[in-house]
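Trainee: Could we go through this structure together? I would like to begin with the strand pairing and then move to the overall picture.

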Amino acid sequence: MNRHLISAAALAAALHPASAQARSDFQQWAGVAVSVKASDRIRVSGESIFRFSNDRDELYEIENNVLLGYKLNDKVTAWAGYVHNPQYNDGDFTAMERRAREQLTFDNIAQLGNASLSARMRLEQRWRDGIDGTGWRMRPYVKVAVPLGGKTAPTLNLTSETFLNLNTTSFQSQDGLDRMRTAAALSFPVSKTLKLEAGYLNQHRFVRNGPDNDDHALTGTISLSF
């Protein structure tokens, strides 16, 4: 397992955009995700992600989301829902962000040898309590899943997600390309309903007229599917 994790981290690090002037932060992201099949076409999902940062003195964000999905066909699902996103600094609450989220997911749209390609297009509208304005952004995402053996073997997931701001507000200060997340993780099937995932994520923030920032995050997720 350690050998697989080291290889996954090395792959993600090789893929992320480099910058000689980038500032770095070491982080830990821990998540719990639950997905429930309500019918042949309808699925409900919920996820909580706890993000910790060295630079911000531990916990800085809790992202909670609930989504309702409708399966359009074997490969495409339409989703919509709400994100509740309190933010902290040095243990103190700083801001409450709320988002509406809409997305289309495209599952197993191509095969690359024994690997499968999936994609997602996400649109978000962002609000912060007590602050005027609505921030709009798009988040295109692609994933390559590479099985490393049989049904009980882990799967290597390579992902890339780009954040594109569609406007500016007082809390969304630049439009256009804002950040890119590149990750490599290993997913371990524990049972028919439970999966554990661990890996590395690089979040590269593009800063205009200043040094870019890099967040280096160790990630872990517990996923339940019913």
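This is a predicted model: local features need pLDDT of at least 70, side-chain atom pairs count only at pLDDT 80 or more; totals for chains, interfaces and linings use all residues.

Trainee: Which residue stands opposite tryptophan 127 in β6?

Mentor: Arginine 98 stands opposite that tryptophan.

Trainee: And the turn between β5 and β6: how many residues lie between the strands?

Mentor: The hairpin of β5 and β6 has 2 residues between the strands, and glycine 113 there takes a positive phi near 70°.

Trainee: What about the pairing of β6 with strand β7: parallel or antiparallel?

Mentor: β6 and strand β7 (residues 131–147) pair in the antiparallel sense, over 12 bridges. Within this pairing, glutamine 125 stands opposite tryptophan 136 in β7. The hairpin of β6 and β7 also has 2 residues between the strands, and glycine 130 takes a positive phi near 80° in it.

Trainee: Changing topic: where is serine 170?

Mentor: Serine 170 is in the loop between β8 (155–165) and β9 (176–189).

Trainee: Buried or exposed?

Mentor: Serine 170 has a relative accessible area of 61%. The cut-off for exposed is over 50%, so serine 170 counts as exposed.

Trainee: Which residues is serine 170 in contact with, leaving aside its neighbours within four places in sequence?

Mentor: Those residues are Ile131 and Asp132. Isoleucine 131 is 39 residues from serine 170 in sequence, while the C-alpha atoms of the two are 7.8 Å apart in space.

Trainee: Now the whole chain. How many helices and strands does the protein have?

Mentor: The protein has 1 helix and 11 strands.

Trainee: What box do the C-alpha atoms fill?

Mentor: Taken along the principal axes, the box is roughly 50 × 40 × 30 Å.

Trainee: And what share of the residues is buried?

Mentor: Buried residues account for 39% of the 226 residues. The exposed surface comes to about 12,000 Å², with carbon and sulfur atoms supplying 58% of it.

Definitions and conventions: Residues are numbered from 1 along each chain as its sequence is written. Side-chain values use heavy atoms; hydrogens and water are left out. Helices (H or I, at least four residues) and strands (E, at least two) are DSSP runs, numbered from the N terminus. Buried means under 20% relative accessible area, exposed over 50%, partly exposed in between (1.4 Å probe, protein chains only). Accessible areas come from the Shrake-Rupley method with a 1.4 Å probe; for residues, only the protein chains shown count as cover. Two strands pair if DSSP finds at least two bridges between them. Contact means heavy atoms within 4.5 Å.
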